[in-house]
Amino acid sequence: MEAPFEEFGSLVFGEKQMQERLPKPVYTAWKKTVSSEGTLDRQTADSIAHAMKRWALENGATHYTHWFQPLTGATAEKHDAFVEPGPDHEPITHFSGKNLIKGEPDASSFPSGGLRATFEARGYTYWDVTSPAFIKDGVLCIPTVFVSYNGESLDKKDPLLKSIKALSDAATKVVNLLGEKDVRSCKPYVGLEQEYFLIDRKYFEERPDLRLTGRTLFGAPASKGQELSDHYFGSIPTRVAEFMKDVNKELWKLGIYAKTEHNEVAPSQFELAPVFSEANTAVDDNQLTMDILRKTAEKHGLACLLYEKPFDGINGSGKHNNWSILTDNGSNLFAPGEKPAENIRFLTFICAFIRAVDDNALLLRMSASSAGNDHRLGANEAPPAIISVYLGSYIEQILYGLYMEHPSQSKNREATPTEFNPISGLSYIPHDNTDRNRTSPVAFTGNKFEFRMLGSSMSAAVPNIVLNSIMAESLNEIAEELEGIKYLQDVRAKALDICRNIIHDHKRILFSGDGYSSEWVKEAKRRGLPNVRSFVESIEVLEDKKTVKMLTDLGVYTEKELAAREEIYREQYIKQIGIEVRTLLSMTRKDILPAMTADLKFYSDADAAAGKAAPAYLKARVTELSELIDETYKASEMLEKDFTEVNAAGITKEAGKKMYYDICPEMEKVRSFIDKYEVIATPDNYKLPTYEDMLFSL
């Protein structure tokens, strides 16, 4: 009988392999490097490289690559073979410490946002010693950071690692000040729930919009959608189950703890969720997961759609980012404990997070945004674009009891007495302390915060960079207030005072109601909470002085790196919309208008043949098709004209906003006419796969 987990981690050169294959002094040197207590010398690097090469060859690898995450949002790799000519021109295998530690891919074509000129091709990759090497498709992949010739970050991993360190330093400082002197480090842990669609590959190949943009640019709803909720958690289709089985095998070989899989709400939509892991590893693993989902789907004659909103009228896909902080002794800082001291720590970290989110709501909104996610956020299937925090009634009651001791509440204290001590009351907190609020962008779910805005196709790096950084800033502010207090009981008392002040100053961010409702939009405005509608507008936060100061003070980004990212994100948005416009125009002219014309001829000929006896149905159809052809043609011509004008302005703030506010609605107008036509189109003339074909064929 096959042992399903026998190959778990077999394609990972992790700590277990290092311990088994490296001399003890080399292994110890690597461990010290991982914990930032030492650096690798050339001899040690050569020894690790030799062991890694032997292991890779034993597992069938022929090439190696520095696997990195440039600012495209995807991953990148350049393969080099282990084989090279020896002294006698006989083939030998070679992989040195230098090959392991440093690489030099051509950086000229990757986004840089002006950090280097186009003609300056040098970019360097450096081994991330905290991420294990792995074998994928017969290639030894070495996770690396990617920097320019002058050292500026050109990727998403380097700032992530810096944000992890900033958070560790800040959290450790606060925990130590609260009395836990044995804690030496803290790390963010992340669990990412990956949603996706599967459709038959033949339909994917027949839809240029899906192939080129990731979403259907038009398509009338199928007669059935998700209204019966019969797909959600239903029996997994046999074809999909076989696909999932192979996905799990590949993920388990890579040491990824793929745990949960199920049907999602929309037809042909599914979810895969792993066990929590350290943030850096979780982000790497999610990139691998998306890659394996796509490639495995192809082997099964399927197409995996990771775009946030591939189909209109049904739910889109997200990537819920579950985030917590653990100490090096395994204590979760978002989990209350048995002792009052542990609960003071819990309250301190909860309140630090509340302040972090309220002070940086725009930055957090930007971190989870993309052109694709604009179609999903606030569409009664995903959180609204307004950032708020949901704690649940039990925790809110705890904080309310604490807040009653704030000086501003002296009049209310007698009128509304608390029923329990908020510190001891936490000892009895039920794990599921309240029903979940699926409309909340940021929700506390027992011992972690679930950031629900992130789009399914996006790298999880930026949201976690932001979460780590804003929390580090908030904790540093708390540490400043606690430092210098002599006695521990006074430190803890001060921590509770800080919590009361935070609740007083930032309670506006707490919301437990329906985030989908129009009333919440009005209430959020009354509270002064920002409501930025589009991704392209949200990126302006990267030039905000407060944001720049926070991220540069923490050492996560330089000012130049932030300016570069704002430019890159704006350029990517404008170019993405441009691809969609050109694809829509092409399909309209090559597929839709000719099909409409053929149908018009079909009905016109039938009407003429029937003569005076022609039924009203034929005459109505001829009129309807004539009008649709005219409306589609006029709308597409107007779209091309306006897009050409906006696109000529270049990569500017104004152009980005016009793409969102002018061009996108014009695309929707073209779509509306095509969708009306599709409802009455004859299958002989309309050849494109419909929503019914794509969503109900598995």
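**Cavities and a helix pair**

Modeller: Nine nonpolar residues, no polar ones and one charged residue make up the lining of the largest cavity. Keep in mind that this is a predicted model.

Colleague: How is such empty space found?

Modeller: A probe the size of a water molecule is rolled over the atoms, and this shows where empty space is left. Here, the structure holds two cavities of 30 Å³ or more. The largest has a volume of about 70 Å³.

Colleague: Which helix supplies the largest share of the lining of the largest cavity?

Modeller: That is α20, with three residues. α11, α15 and α20 each give at least two residues to this lining. Among the lining residues are Leu-363, Val-462, Leu-562 and Arg-565.

Colleague: What is the volume of the second largest cavity?

Modeller: About 40 Å³. Ten residues line the second largest cavity, and Ser-388, Thr-439, Ser-440, Phe-511 and Gly-515 are the closest to its centre. Its lining has four nonpolar, six polar and no charged residues.

Colleague: Now the helices. How do I describe a packed pair?

Modeller: Use the angle between the two axes and the distance between the axes. For α10 (residues 340–359) and α16 (residues 488–506), the angle is about 30 degrees and the axes lie 9 Å apart. Angles under 35 degrees count as roughly parallel, so α10 and α16 are roughly parallel to each other. Their crossing is left-handed.

Colleague: Which residues make the contact?

Modeller: On α10, they include Ile-344, Leu-347 and Arg-355; on α16, they include Leu-496, Cys-499 and Ile-503. By class, the contact of α10 with α16 has eleven nonpolar, two polar and five charged residues.

Technical notes. Residues are numbered from 1 along each chain as its sequence is written. This is a predicted model: local features need pLDDT of at least 70, side-chain atom pairs count only at pLDDT 80 or more; totals for chains, interfaces and linings use all residues. Side-chain values use heavy atoms; hydrogens and water are left out. Axes are lines fitted to C-alpha atoms, for helices over the stretch in contact, and angles run from 0 to 180 degrees between N-to-C directions. Helices (H or I, at least four residues) and strands (E, at least two) are DSSP runs, numbered from the N terminus. Angles under 35 degrees count as roughly parallel, over 145 as roughly antiparallel, 65 to 115 as roughly perpendicular and the rest as oblique. A crossing is left-handed if the near helix is turned anticlockwise from the far one by less than a right angle, and right-handed if clockwise. Contact means heavy atoms within 4.5 Å. Ala, Val, Leu, Ile, Met, Phe, Trp, Tyr, Cys and Pro count as nonpolar, Asp, Glu, Lys and Arg as charged, and the others, Gly among them, as polar. On a 1 Å grid over the protein atoms alone, a cavity is a set of points where a 1.4 Å probe fits but cannot get out, and a pocket is an open set with protein on both sides within 12 Å along at least five of seven lines; lining residues have an atom within 4 Å of a point. Grid points are joined across faces, edges and corners, and a volume is the space filled by probe spheres set on the points.
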